[in-house]
Amino acid sequence: MTTRRDEYTAKMKHELDALNARIDGLQFKAHEAREDAREAYQEKVKAARQQSALATAKLAEMREASTDSWDHMVGEMDKLRDAFKHSFNYFKSQI
């Protein structure tokens, strides 16, 4: 079980780190956008960063979770990761 947990948390950390790096790149593009669009982009970045913070907090919680709560938390983590990806993809589509 520990191996599965370690593999899952490492995979999630990698995915979250990759999405955060991609947001950093898009945030740079948003900064270069027209002034009227910049504010809207910044709001979208803020929303994606909030999703990232939720997912990162859940990942930290999972590392400390008991075996009994682990399976339930995997489902929650998957939903948070998917919401984060959705926020990122929406933001990317707006640039």
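Student: Okay, N20. Which residues is it in contact with, leaving aside neighbours within four places in sequence?
Tutor: N20 touches R49, S52 and F84. Keep in mind that this is a predicted model.

Student: Where is N20 found?
Tutor: In helix α1.

Student: And is N20 buried or exposed?
Tutor: Buried, because its relative accessible area is 17% and the cut-off for buried is under 20%.

Student: Take S52 next. Which helix holds it?
Tutor: S52 sits in helix α2, which covers residues 35–63. Its relative accessible area is 6%, so S52 is buried.

Student: What does S52 contact, apart from the neighbours within four places?
Tutor: N20 and F84. F84 is also on the contact list of N20.

Student: Which other residues of α2 are buried?
Tutor: Besides S52, the buried residues of α2 are A37, Y41, K44, V45, A48, Q51, A55, K58, L59 and M62.

Student: How far is L19 from Y90?
Tutor: In sequence, L19 and Y90 are 71 residues apart; C-alpha to C-alpha, the distance in space is 13 Å.

Student: Now the other direction. How far apart are A83 and W70?
Tutor: A83 and W70 are separated by 13 residues in sequence and by 20 Å between C-alpha atoms. A83 lies in helix α3.

Student: How accessible is A83?
Tutor: Its relative accessible area is 28%, so A83 is partly exposed; that class lies between the 20% and 50% cut-offs.

Student: Change of topic: how many residues are in the largest nonpolar core?
Tutor: It has 24 residues, and those with the most contacts inside it are Y8, L16, I23, Y41, M62, M77 and F91. The elements giving two or more residues to this core are α1 (2–31), α2 and α3 (67–94).

Student: Which element gives the largest share of this core?
Tutor: α3, with eight residues.

Student: Zoom out. How many helices and strands does the chain have?
Tutor: Three helices and zero strands, in the order α-α-α along the sequence. The C-alpha atoms fill a box of roughly 50 × 20 × 15 Å along the principal axes.

Student: What share of the contacts comes from residues 24 or more positions apart?
Tutor: Such residues account for 76% of the contacts with a separation of 6 or more.

Student: And what percentage of the 95 residues is buried?
Tutor: 36%. The chain exposes about 6,100 Å², of which carbon and sulfur atoms supply 51%.

Student: Last one, charges. How far apart are the mean positions of the positive and negative ones?
Tutor: There are 17 positive and 17 negative charges, and their mean positions are 4 Å apart.

Note on methods. Residues are numbered from 1 along each chain as its sequence is written. This is a predicted model: local features need pLDDT of at least 70, side-chain atom pairs count only at pLDDT 80 or more; totals for chains, interfaces and linings use all residues. Side-chain values use heavy atoms; hydrogens and water are left out. Helices (H or I, at least four residues) and strands (E, at least two) are DSSP runs, numbered from the N terminus. Buried means under 20% relative accessible area, exposed over 50%, partly exposed in between (1.4 Å probe, protein chains only). Contact means heavy atoms within 4.5 Å. Accessible areas come from the Shrake-Rupley method with a 1.4 Å probe; for residues, only the protein chains shown count as cover. Lys and Arg count as positive and Asp and Glu as negative; His and the chain ends are not counted. The place of a charge is taken as NZ of Lys, CZ of Arg, CG of Asp or CD of Glu. A nonpolar core is a set of buried Ala, Val, Leu, Ile, Met, Phe, Trp, Tyr and Cys residues joined through side-chain atoms within 4.5 Å.
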